[in-house]
Amino acid sequence: MDSFNDLTTPATLLATRRSGKARDMIAPGPDAGQLSAILHSAARVPDHSKLFPWRFVVIENRAAFADALLALYLAGKADAGRLEQEAVIQFATQSPCLVAVLSSPRQSHIPVWEQELSAGALCQNLCLAAHAHGFVANWLTGWAAFDSNVLALLGGAAPERIAGFFFIGTQAKPLEERPRPDMAAITTHWRG
């Protein structure tokens, strides 16, 4: 895919970004160079005091990650049925590329809330950067994002938290537009 294919202006890029469904993604996903560019772009976020309170975990071996996730899931729910187990495996293997983002707050005079907002901005930039490179992205959480053992599997530890899993690839079917908010209902103007 060509970088910035038909998304010639920032306004077009922002106005056309939509989440693709991870389960509907097919190859190709970003190659190593494209993924590097996507991650570099994602990291260009507001970051009070340059703390870099976030980090990426690129999951290169999704099959091994699926096996490890399933083992952790079954450790907490030994009676999980076949469909639940298949859903765990599908979660890890459903797209050509999988990146986890960890919110990694630092000891600082900067409030943790501001650091978490920076991590959220990084997550949105990741989706936008994937779109700018001609791919779709899907930001998901689910049980794995809130499990301390999965955090440890990704090399994290409290107070770090998993901000989300980002599935990146090519959409197999046309994206559907979702309902958007009525801007008048969510916008106020304060005039003093």
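Reader: Leaving aside its neighbours within four places in sequence, which residues is Glu160 in contact with?

Author: Glu160 touches Arg55, Leu102, Ser103, Ser104, Pro105, Leu151 and Gly155. Please keep in mind that this is a predicted model. To count as a contact, heavy atoms must lie within 4.5 Å.

Reader: Where is the place of Glu160?

Author: You will find Glu160 in the loop between α6 and β5.

Reader: Why is Glu160 called buried?

Author: Its relative accessibility is 13%. Buried means under 20%, so with 13% Glu160 counts as buried.

Reader: What makes the meeting of Glu160 and Arg55 a salt bridge?

Author: The N to O distance between the two side chains is 2.7 Å, and the limit for a salt bridge is 4 Å, so the pair qualifies. The two partners come from distant parts of the chain: Glu160 sits in the loop between α6 and β5, Arg55 in strand β2, and they are 105 residues apart. As for the general idea, side chains of opposite charge can pair when their charged atoms come close.

Reader: Why does Arg55 count as partly exposed?

Author: Arg55 has 27% relative accessibility.

Reader: How do you know that the side chains of Glu160 and Ser104 make a polar contact?

Author: They are 2.5 Å apart. A polar contact needs N or O atoms within 3.5 Å, so this pair passes.

Reader: How many salt bridges does the structure hold?

Author: There are 7. One of them joins the side chains of Glu177 and Arg18, at 4.0 Å from N to O. Glu177 belongs to the loop between β5 and α7, while Arg18 belongs to the loop between α1 and β1, 159 residues apart.

Reader: What makes Asp24 and Lys173 a pair that ties together parts of the chain?

Author: Their side chains form a salt bridge of 3.9 Å, N to O. Asp24 is in the loop between α1 and β1 and Lys173 in the loop between β5 and α7, so parts 149 residues apart in sequence are tied together.

Reader: Are Asp24 and Lys173 buried or partly exposed?

Author: They fall into two classes. Asp24 has 14% relative accessibility, and buried means under 20%, so Asp24 is buried. Lys173 has a relative accessible area of 49%; exposed would need over 50%, so Lys173 is partly exposed.

Reader: Why is one side of α3 called its buried side?

Author: Start with the residues Phe65, Ala66, Leu69, Leu70 and Tyr73, which are buried. They cover an arc of only 135 degrees around the axis, and therefore lie on the same side of α3. Asp67 and Ala75 are exposed on the other side. The cover over the buried residues includes α4, β3, α6 and β5.

Reader: How do you know that the span of α3 is close to the one expected?

Author: The helix has 15 residues and reaches 21 Å from first C-alpha to last, against an expected 21 Å at 1.5 Å a residue.

Reader: What makes Asn61 a cap of α3?

Author: A side-chain oxygen of Asn61 lies 3.4 Å from the backbone nitrogen of Ala63, at the N-terminal end of the helix.

Reader: Why do the buried residues of α2 line one face?

Author: In α2, Gln34, Leu35, Ile38, Leu39 and Ala42 are buried. Seen down the axis, they fall within an arc of 135 degrees, so they line one face of the helix. Ala32 and His40 are exposed on the face turned away.

Reader: How do you know that strand β3 is mostly covered?

Author: Count its residues: 7 of 7 are buried. Cys97, Val99, Val101 and Ser103 point one way, and Leu98, Ala100 and Leu102 the other.

Reader: What makes β2 and β3 a pair?

Author: Pairing takes at least two bridges, and these strands have 5, in the antiparallel sense. One of the partners in β3 is Ala100, which bridges to Val57. On to β5: 7 bridges join it to β3, again antiparallel, and Leu98 stands opposite Phe167 there.

Note on methods
Residues are numbered from 1 along each chain as its sequence is written. This is a predicted model: local features need pLDDT of at least 70, side-chain atom pairs count only at pLDDT 80 or more; totals for chains, interfaces and linings use all residues. Side-chain values use heavy atoms; hydrogens and water are left out. Buried means under 20% relative accessible area, exposed over 50%, partly exposed in between (1.4 Å probe, protein chains only). Helices (H or I, at least four residues) and strands (E, at least two) are DSSP runs, numbered from the N terminus. The expected span of a helix is 1.5 Å times one less than its number of residues. The arc is that of the directions from the helix axis to the C-beta atoms. A polar contact is a pair of N or O atoms within 3.5 Å; within protein, one must be able to donate a hydrogen and the other to accept it, and residues adjacent in sequence count only if both atoms are side-chain atoms.
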